[in-house]
Amino acid sequence: MTATMIRWSRALRLPDAALGLLGLLGLALLWELYKALGPADGWSIGGTRVLPRTTDLAMPHTWDVLIRLGEPLTAAPGAPPLWVAVAQASLFSLGIALAGWAIGVVVGFALAVLMARVRVAENAVLPLVVLSQTVPLIALAPVVRSWGSRIQVAGVTWEAWMSVAVIASYLAFFPVAVGALRGLQSPETLHTELMRAYGTGWWTTLVRLRLPASVPYVLPALRLAAANAVVGTVVAEVSTGLPGGVGRMILEFANFASSDPARPWAPLMGAVALGLLVAGLVGALGLPLARYRRTEVPA
Amino acid sequence: MTTPGEPPTDQRAAAVEVRSVSRVFGSGRQAGPVVALDEVDLTVAAGEFVSLIGPSGCGKSTLLRLVADLDTPTAGSITVFGRSPEQARLAHDYGIAFQQAGLLPWRTVRANVELPLGLHGTGRAERRARAEHLLELVGLADFADHFPDQLSGGMQQRVAIARAFAEEPSLLLMDEPFGALDEMTRERLQVELTRICAQTRAAVVFVTHSIPEAVFLSDRVVVMSARPGRIQQVVDVRLGAGAAREDTLRQDGAYFDAVTEVRAALHGGEPARVVGVENR
């Protein structure tokens, strides 16, 4: 599927960005198609609705959502346009997500190096790493917030957004830990023996061999971590009740579903844009690392 | 390169001295221990080219790995220029090349050749000059800025050989370096190798299972037998000792005689059987 699309885009000489835009248009088309053809009351099996209603209340037209973005947030005089409010909230969340991503990457990498260094650590830590992801975020959020509020080191007070960043990092570190471990262990025996023959120590081997070899495994892990950090930020904003971000905005705007049906969709689009932006930023990280994605053709 | 406290490299000492070395794999837990090497004695003089040849499982690669300190003998002792293999390894006394080139794919050809120099703190300018010289020697000067995946298998192997020579080692350990190459590339690289060896005066321990290759390259061919790995016979070849060999040597009568002698030694022992353990 993806391969076919890439071949098409090559044939049509479309840049990757255009292909992405095409995908978005396709999604909008699908939305409108279902809205036009689907039953107004949706479709239910035994009282459970499996397909949504297609009324303007449940599914506003895509263009209505876009138009609504340009209109003022509230009827109050001097209110900013909706898109500005959404963009501000998204930027606020972006900062937290990036902080969470960075913490997650550092922690994940440190764990991976530890596990690669000490065989015992791999056996002891890896199950815990996997286990950590089964703890529901909703259960974790209040704990982190209450612990955080008691921390006060050298005049730095724990702020609410830090709890959100920590929770986001909790989701972000997992793919990094697993991906980096796999990458650090990826060099062949041939290469590790070569380094041994050169009399290099473990750290030099890490820097010269294992880290470069791990790049093809780490880059996708960083992307996954970025997506996880955004999801974690949005969910943690909701569950810790942090105002100002796109998560809280989704919750607040849901109240307007009947009076202003296009409005709840606006922060959702903000969250989607946020995810795309973060994934794009991380993707750009891979550009200067292109040489590490080369593979040796067997002789 | 000698650090205080270590015995210094003794240039008068033999390049490699192997004294009644045994290596036994698998201590009982599986089907029983496999004796890869049994009471092997071998001396390689400085500047001498010695090939190890024998059926699969005769322990020729194991012997090479023991000399390189990539493995430790169960019994017996090995010295490299008068010191232990570990000291020799840490002092970068030897260069090494394997059947696979083992180049780092993210480094250019030049950077791959510079790798051992960089690891041992050679300055940038000197590194560059060495790499340039070595790449010229293996005929890849024009490919210095290419990446390994842009080269053919034979070219990659030549880079690996240049890398093995990077630190001007007085001992070179080679484990079937031409094993994966086609016959034509193989013969060309053999000629190149003898030329480089004649220039650098390095001793070479060369593992192969090609009789013509062993005879063409070597001063002495060590014929080994399998199960347990033992030295069957040592054949003196010394075709045009010390000098670079030319392809015309392959039509020489003495060459054919030596090939016949090595073949006889190989088949004179136990008939070659298929054995399970191969350590490359």
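Student: How many helices and strands does chain B have?

Tutor: Helices (H or I, at least four residues) and strands (E, at least two) are DSSP runs, numbered from the N terminus. Chain B has eight helices and nine strands. This is a predicted model, where local features need pLDDT of at least 70, side-chain atom pairs count only at pLDDT 80 or more, and totals for chains, interfaces and linings use all residues. Residues are numbered from 1 along each chain as its sequence is written, while chains are lettered from A and ligands numbered from 1 in the order in which they are written.

Student: Which residues of chain A does UniProt place in a "transmembrane region"?

Tutor: UniProt annotations may be inferred rather than shown by experiment; feature names are shortened and positions follow the numbering used here. The unreviewed UniProt entry gives residues 91-114, 126-148, 160-181 and 265-287 of chain A. Within chain A, residues 91-114 are 100% helix and 0% strand, with end C-alpha atoms 34 Å apart. Residues 160-181 of chain A are also 100% helix and 0% strand, and there the end C-alpha atoms are 32 Å apart.

Student: How many residues of chain B are in contact with chain A?

Tutor: Two residues are in contact if their C-beta atoms, placed from the backbone, lie within 7 Å. Here, 22 residues of chain B are in contact with 19 residues of chain A. On chain B's side, α2 (85-90), α3 (109-119) and α5 (153-164) each supply at least two residues. The most come from α5(B), with three residues.
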